[in-house]
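Please read the following alongside the sequence and the coordinates. The text goes through selected residues, helices and contacts in turn.

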Amino acid sequence: MNILITGCDGQLGKEIQSLEKNYPQHHFFNTDVAELDITNQLATADYVARHEIDGIVNCAAFTAVDKAEDSKELCTTLNTIAPAYLAAAIEKRGGWMIHISTDYVFNGNAFKPYVEDDTPSPNSVYGSTKLAGELGVQKFCQHTMIIRTAWLYSPHGNNFVKTMIRLGKEKEELGVIFDQIGTPTYAGDLAEAIMAVINKGIVPGVYHFTNEGAISWYDFAKAIHRVAGITNCRVRPLHTSEYPTPANRPHYSVLDKTKIKTTYSIDIPYWEESLRECIKKMNY
């Protein structure tokens, strides 16, 4: 198949690229904004038609959660409008689409892991635009799979793991929020799951994927320092109210992954195992 990867310079895009050599039967078109502006409807339709694309994995998004509160128009363009352009373009070719979404489509007021059928209720611009993006791709492409994920990190780009390692080396003390619970996701594991899905064949619908387990940001920071061998920085727990941010964040956003595990026979690693693997690759 001819497969278009958008957002190839991001964390997930880079991890997907690292796996492409294992799938010589497919031809991958790796694009970021320099190669294809997905906010341009005509350019998107032309690219998909000209390269005879069979499927799209859309990793492109506006992910700066706090900046989104003051950049609603740009956030909407990237997270809602552009995915719909991609969906419409691939539908014309009778193809499929995998669209990456987020736990932020939920308000975080739950007390048990969210399943795919739970009613979304985003409480941030980022979450609202991502939810609208989900609805758009499903409307314009019949063969769409949406994968919601959370707390993504990798050796690439900016993420919580790299920030905690850097600050842990620079500072004697750090405050990290303890009353927001979720699950870290190693982008390498998500990339492998996406490849498994492509190989087995898209079963349309909404799916959840993170690593296994559930922790707070505080516990995650402590684990990062432990695994990276950082011992001279004290990490103390903070309430969300002590660290105000422009965007509201869900207090509990653990995702239930039963559906993707049973549909695709995927074995998902525990979050700490994947953290160790990632930090090992970062040479710390």
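**Contacts inside the model**

The side chains of Gln180 and Thr240 are joined by a polar contact of 3.2 Å. A polar contact is a pair of N or O atoms within 3.5 Å; within protein, one must be able to donate a hydrogen and the other to accept it, and residues adjacent in sequence count only if both atoms are side-chain atoms. This is a predicted model, in which local features need pLDDT of at least 70 and side-chain atom pairs count only at pLDDT 80 or more, while totals for chains, interfaces and linings use all residues. Residues are numbered from 1 along each chain as its sequence is written, and side-chain values use heavy atoms, with hydrogens and water left out.

Gln180 also has a polar contact of 3.3 Å, side chain to side chain, with Trp217. Where is Gln180 placed? Gln180 sits in the loop between β7 (173-177) and β8 (181-182). Helices (H or I, at least four residues) and strands (E, at least two) are DSSP runs, numbered from the N terminus. Gln180 is buried, at a relative accessible area of 4%; buried means under 20% relative accessible area, exposed over 50%, and partly exposed in between, with a 1.4 Å probe and protein chains only. Apart from neighbours within four places in sequence, the residues in contact with Gln180 include Trp151, Ile215, Arg249 and His251, where contact means heavy atoms within 4.5 Å.

Next come the helix pairs. Helix α8 (residues 217-228) packs on helix α10 (residues 271-281) at an angle of about 45 degrees, the axes being 10 Å apart. Axes are lines fitted to C-alpha atoms, for helices over the stretch in contact, and angles run from 0 to 180 degrees between N-to-C directions. α8 and α10 are therefore oblique to each other: angles under 35 degrees count as roughly parallel, over 145 as roughly antiparallel, 65 to 115 as roughly perpendicular and the rest as oblique. The crossing of α8 past α10 is right-handed; a crossing is left-handed if the near helix is turned anticlockwise from the far one by less than a right angle, and right-handed if clockwise. From α8, Phe220, Ala223, Ile224, Arg226, Val227 and Ala228 meet Trp271, Glu272, Leu275, Arg276 and Ile279 of α10. The residues of this contact between α8 and α10 comprise eight nonpolar, no polar and three charged. For these classes, Ala, Val, Leu, Ile, Met, Phe, Trp, Tyr, Cys and Pro count as nonpolar, Asp, Glu, Lys and Arg as charged, and the others, Gly among them, as polar.

Helix α6 (residues 160-170) has Val161, Met164, Ile165, Leu167 and Gly168 as its buried residues. These buried residues of α6 pack against β6 (152-153), β7, α8 and α10. The N-terminal end of α6 is capped by Asn159, with a side-chain oxygen 3.2 Å from the backbone nitrogen of Val161.

In another helix pair, the axes of α2 (residues 41-50) and α4 (residues 72-92) come within 9 Å and cross at roughly 35 degrees. α2 also passes α4 in a right-handed crossing. Gln41, Thr44, Ala45 and Val48 of α2 make the contact with Tyr85, Leu86, Ala89 and Ile90 of α4.

Asn40 is in the loop between β2 (27-31) and α2, and is partly exposed, with a relative accessible area of 33%. The Asn40 side chain reaches the backbone nitrogen of Ala43 at 2.9 Å. In the loop between α2 and β3 (55-58) lies Glu52, whose phi is near 50 degrees, a positive value in a residue other than glycine. Most residues other than glycine have a negative phi. Ser265, in the loop between α9 (258-264) and α10, likewise has a positive phi near 50 degrees. Is Ser265 buried or exposed? Ser265 is exposed, with a relative accessible area of 61%.

Two strand residues remain. Thr144 belongs to strand β5 (residues 144-149) and is buried, with a relative accessible area of 3%. The side chain of Thr144 reaches the backbone oxygen of Val137 at 3.3 Å. His99, in strand β4 (residues 96-102), is buried with a relative accessible area of 0%. Not counting residues up to four places away in sequence, His99 touches several residues, among them Asn58, Lys130, Glu134, Val137 and Ile146.
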